[in-house]
Amino acid sequence: MKPNAFNYVRAKSLDDIFSVFSEHGDEAKILAGGQSLIPTMNMRFAAPDVLIDVSDVDEMKGIQVIDNSLRIGAMSRHVDVLNSADVAEHSPLISMAMPNIAHATIRNRGTFGGSLCHADPASELPACTLALDAKFNIASATGSRTVAAADFIEGTYTTCMSENEVLVSVDVPSSTSDTVAFFDEIARRKGDYAMAGLAAKATVSDGKIANPRLVYFAVGDVALSSPSAEKILSGATITDIDTDAVCDAIASDIEPFDDLTTSGPAKLAMMKVLTRRALNAFSGNGGGS
Ligand SMILES: Cc1cc2nc3c(=O)[nH]c(=O)nc-3n(C[C@H](O)[C@H](O)[C@H](O)COP(=O)(O)OP(=O)(O)OC[C@H]3O[C@@H](n4cnc5c(N)ncnc54)[C@H](O)[C@@H]3O)c2cc1C
């Protein structure tokens, strides 16, 4: 199928974007990498009058280290994030997640911000940004605001942004030397969306775990953490973790949904496998992708 007819504007600045928004309101849509929007338009689930191509908007580009954090421009292509030495050094969790996002051709066009704005519950980046307590920098004609990762995605394909706002960049706190990151997912084929996935991190110092984060994706409407499991792990000695108790706690916090390919109970079994791998990684025994 082909999309409905639409107009195309190539913005050169944030102000250009805002002036199209003020003229066309919610009939105008940001075009980032187009890897989700264009298929949606081809299937006629979306029919915007105007596409605003933001490839030339400098404020939305680039990856920078600022003080103790990494600023990733919304228009950073997946391939650039994957290959960034700064991301590898300051945010190993994101580096570990990137090869799992789709295939090389899609990663060449798809963008960091586009993936987050699309808010697919099976996507890797919403889980990573939640585990890392990232901050989302959003702008509109009337000013800018910063939103915590936990508040950015509100549901399947739904964010907190209104139609006249644009995601400019995401700030990710830098990893510390005692942080252990773990990322893994179970998919039918490499590059497919996950049936279940886990983005996790903890600081491990003198054999003790602190600030553990376990965030699961492809199991609910949004990426979901397990506060009960995190509570068990917080302060635990790595040689003395009750893995069964952690897995039971996850099951008490999260009841995975059935999707088109995988039942909820099968997803829960996968979450437990991933959790065991994460705990192994926290103990210094590797694991993760
Ligand atoms: C075959 C296939 C397999 C895929 N597999 C995976 C996968 O395994 N994991 C995964 O995470 N993704 C996967 N994707 C999706 C891919 O990662 C896309 O890159 C991503 O979902 C959307 O990014 P984009 O830059 O292409 O955004 P677009 O498609 O251009 O935009 C998506 C939506 O976000 C809005 N938007 C984009 N940027 C902004 C912004 N800065 N501010 C405000 N709104 C904005 C757009 O208006 C649109 O509504 C797959 C895609 C395909 C086609």
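Colleague: What makes you say that strand E6 (residues 135-140) and strand E7 (residues 143-148) pair?
Modeller: In this predicted model, E6 and E7 are joined over six bridges, in the antiparallel sense. Pairing needs at least two bridges, and six bridges are given for E6 and E7, so the two strands count as a pair. One of the bridges has Lys 135 with Ala 148 of E7 as its partner. E6 and E7 form a hairpin, with two residues between them.

Colleague: How do you know that E6 also pairs with strand E10 (residues 166-173)?
Modeller: The test is again at least two bridges. E6 and E10 have five bridges, in the antiparallel sense, and therefore pass it. Ala 139 stands opposite Val 166 in E10.

Colleague: What holds paired strands of a sheet together?
Modeller: Strands of a sheet pair through backbone hydrogen bonds, and the pairing is either parallel or antiparallel.

Colleague: Which strands form the open sheet of three, and in what order?
Modeller: The order is E1-E3-E2, and the pairing is parallel. Strand E1 (7-10) and strand E2 (28-31) are at the edges: each has a single partner strand, so one side of each has no neighbour in the sheet. On average, neighbouring strands of this sheet are turned by 25 degrees against each other, direction ignored.

Colleague: How many bridges join E2 to strand E3 (residues 50-53)?
Modeller: Four bridges join E2 to E3, and the two run parallel. Lys 29 has Leu 51 in E3 as its bridge partner. Helix H1 packs on this sheet and touches E1, E2 and E3, and its direction makes about 170 degrees with that of E3.

Colleague: Which domains is the protein divided into?
Modeller: There are domain 1 (7-53), domain 2 (58-173) and domain 3 (179-282). The C-alpha centres of domain 1 and domain 2 lie 19 Å apart. Their contact takes 13 residues from domain 1 and 16 residues from domain 2.

Colleague: What gives the most to the side of domain 1 that touches domain 2?
Modeller: Helix H1 (residues 14-24) does, with five residues. That side of domain 1 divides into six nonpolar, six polar and one charged.

Colleague: Which are the edge strands of the four-stranded open sheet, and what makes them edge strands?
Modeller: The order is E11-E12-E13-E14, with antiparallel pairing. Strand E11 (179-186) and strand E14 (224-225) are the edge strands, since each pairs on one side only. E11 and strand E12 (residues 196-205) pair over eight bridges. The bridge partner of Ala 181 in E12 is Lys 201. H12 packs on the sheet, touching E11, E12 and strand E13 (208-217), at about 25 degrees to the direction of E12.

Colleague: At what angle do helix H11 (residues 243-253) and helix H12 (residues 264-282) pack?
Modeller: The angle is about 140 degrees, and the axes are 10 Å apart. That makes H11 oblique to H12.

Colleague: Why is this called oblique?
Modeller: Roughly antiparallel starts over 145 degrees, and roughly perpendicular runs from 65 to 115. The crossing of H11 and H12 is right-handed.

Colleague: Which residues make the contact of H11 and H12?
Modeller: H11 gives Thr 243, Val 246, Cys 247, Ile 250 and Ala 251, and H12 gives Leu 268, Met 271, Lys 272, Thr 275, Arg 276 and Leu 279. By class, the contact has seven nonpolar, two polar and two charged residues.

Key:
Residues are numbered from 1 along each chain as its sequence is written. This is a predicted model: local features need pLDDT of at least 70, side-chain atom pairs count only at pLDDT 80 or more; totals for chains, interfaces and linings use all residues. Axes are lines fitted to C-alpha atoms, for helices over the stretch in contact, and angles run from 0 to 180 degrees between N-to-C directions. Angles under 35 degrees count as roughly parallel, over 145 as roughly antiparallel, 65 to 115 as roughly perpendicular and the rest as oblique. A crossing is left-handed if the near helix is turned anticlockwise from the far one by less than a right angle, and right-handed if clockwise. Two residues are in contact if their C-beta atoms, placed from the backbone, lie within 7 Å. Ala, Val, Leu, Ile, Met, Phe, Trp, Tyr, Cys and Pro count as nonpolar, Asp, Glu, Lys and Arg as charged, and the others, Gly among them, as polar. Domain bounds come from an automatic or database domain assignment.
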